Amino acid sequence: MLRFSFLWALCVGAVHSATAADAPKPTNVIILFVDDMGYADIGPFGNKTLRTPHLDRFAKEGMRFTHFYATPVCSMSRACLMTGSYSARVSMPGVLFPQNRIGLNPDEVTVAEVAKSGGYETMMIGKWHLGHFPEFLPTRQGFDHYFGLPYSNDMKQSHAGYPALPLYRDEKVIETEPDQSQLTRRYTEEAVKFLRTKRAKPFFLYLPYTMIHDPVAASENFKGKSAEGLLGDSVEEIDWSVGQVMATLRELHLDENTLVIFTSDNGPAGRAAPPFSGNKTTNLEGGVREPCIMRWPGHIPAGTTCERIAGNIDVLPTLAKVFGAQLPKGRILDGRDLGPLLVNPDASPVRDTHLYFTASQKLEAIRQGPWKLFLLNPARRKGEPVRVAPALYNLTTDQAELSNVAEQHADIVARLTKEAAERLAEIEAHKRPIGKLADGPDAPGTEAPSKKVAALTDLKPSAVLKAAMAPQIGGRTFTINCNFATSQANTILVSHGGTQLGYALHIRDGKLTFSIRRSTDDNSEVSLPAPTDGQPHRVRASLTKEGKLHLQLDEQPEVVFQGTGLISKQPAEDFCVGHDTANPAAKYSQPEPFRGTLTQLEIR
Ligand SMILES: [Ca+2]
Ligand SMILES: [Ca+2]
């Protein structure tokens, strides 16, 4: 009661004495966002070999979040950060590629737009990765200014089919193929320049580093200096950058009045993520649990640790409060205001459930309290054990997710399965569309065409891909795999090409047929009786180096036909699922559009 009266007196006092002059100054906000940094890559999260003195100090002055969630890969993580929503809710695939004509929907209200609505100046320096066409750029999503790369640093000219890597200032490409060893230094200089700008308004600075994403690079002051090669050099240069930002804030007497958040977009690429299993591209903790530190003197108690569930989806709701702005209207946000935890890390959880989505927007796992249930077989890091869903882990006692206790806790499995289904149904019912250019559809950017595997698993029968975005089959061997179920005797599973070049996997007069066309008159086929029983079947069709056509259904022996060779180049026509466009790629017999189910389609 005493405590209550005291607080009450304070409040009353504030009401009566506040004037414009002593009203609290608005808080500035900076988000420092690393690319592909693992949980234990820095001192405050257990790294013993790399030198991160600035982050060590930053953590001593702020709060570490040890259960802070991002997502398995880049674009989806940035969508979460920008919108306060799960990537699946805003229909963002894992990674956008230069050939994709999609981006974060301009109708989404980003954290920068929320800052603007609160009267803030905004700046973004670094990697965007939410669409590179003008309508998708940061300057159209609430940032007054932008300096940086529109996507990842490996999406550059040396990668077959990609344009020269552009460096933007606002909406203009000012350089291509910039020297990547200088990017952390240049971003830092831009940030310091921005901080030094005299302004009447508070600011929001978003600094998503290009490093430590492959190809890693570091400037001359850091190259060869760390104990962990170029990757370690790159981490130490990020630490230097954080130090520069913090030193500038102190020098300008802004450090007491600025909330700074440091975190990363996903786990480490191609290496382990101790103490967890998995790494980038997986939903094991190593892929998605990120180092996160927040520093805000006078609000966040120094040197503290928060073990509550939190994540990048919570950043927008948290900052909306800090900006003194309204939450975006007319939409469901998945994140929650972390405010109560910022003042007391042991306060009740603001969000006790976390959903783990895949790059193709499938719900792979759910966490509630200490319990994490995989609903699908999780992707894993090479060499690590296979896990089979339903797999239940207690993250308090088993953070490496090695001991599946689903059988011992059937009740928890049932409860989480139900919870996951309900939450997924809600998200599906209130899903918001990805932004598309006005001139046509696009495939979800799940895989680069220049890599050998084209992940097409989300394409529905009726989908169409332009030749450039279709699996690249010109001049090389390829294999089509898919599961299908149909009762149709004349239909098409996939087709690509026309009357000059192309291929199709189709059913003609009850025969499952794989056709290769190398010229108008050179049409080879292999076929076997099609199962038109409406039951699911697995089919595999391939064209080999010697020009042989192989076709296999389920576990039956494969049939082979000696054709005349590879298809000389990528067909110019559309790639189609479940039908064929105007010019037939194969000899059909009045095929109907495919009406069955077609899943797990891949062409590699
Ligand atoms: Ca990344
Ligand atoms: Ca917007």
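A residue counts as buried if 20 or more other C-beta atoms lie within 10 Å of its own, as exposed if 12 or fewer do, and as partly exposed in between, with C-beta atoms placed from the backbone. Helices (H or I, at least four residues) and strands (E, at least two) are DSSP runs, numbered from the N terminus.

The model is predicted: local features need pLDDT of at least 70, side-chain atom pairs count only at pLDDT 80 or more, and totals for chains, interfaces and linings use all residues. Residues are numbered from 1 along each chain as its sequence is written, while chains are lettered from A and ligands numbered from 1 in the order in which they are written.

**Helix α3**

Helix α3, residues 74–83, is mostly covered, with ten of its ten residues buried. Among them are Cys74, Met76, Arg78 and Leu81. The cover over these buried residues includes α4 (111–117), α8 (315–323) and β13 (353–357), where contact means C-beta atoms, placed from the backbone, within 7 Å.

Strand β13 belongs to an open sheet of four strands in the order β13-β14-β15-β16, paired antiparallel; two strands pair if DSSP finds at least two bridges between them. Its edge strands, β13 and β16, each pair on one side only. Five bridges join β13 to β14, and Tyr356 has Ala365 in β14 as its bridge partner. Helix α10 lies across β13, β14, β15 and β16 and runs at about 120 degrees to β14. Axes are lines fitted to C-alpha atoms, for helices over the stretch in contact, and angles run from 0 to 180 degrees between N-to-C directions.

| Element | Residues |
|---|---|
| β14 | residues 363–368 |
| β15 | residues 371–374 |
| β16 | residues 391–394 |
| α10 | residues 410–429 |

**Helices α5 and α6**

Helix α5 (residues 183–196) packs against α6 at an angle of about 10 degrees, with the axes 10 Å apart. Helix α5 is therefore roughly parallel to α6, a term for angles under 35 degrees; over 145 is roughly antiparallel, 65 to 115 roughly perpendicular, and the rest oblique. The contact includes Thr188 and Leu195 of α5 and Ile238 and Val245 of α6.

Ala247 lies in α6, which spans residues 229–251. Ala247 counts as partly exposed because it has 13 C-beta neighbours inside 10 Å. His54 is 193 residues from Ala247 in sequence, yet the two are 9.6 Å apart in space, C-alpha to C-alpha.

Technical notes. Two residues are in contact if their C-beta atoms, placed from the backbone, lie within 7 Å.
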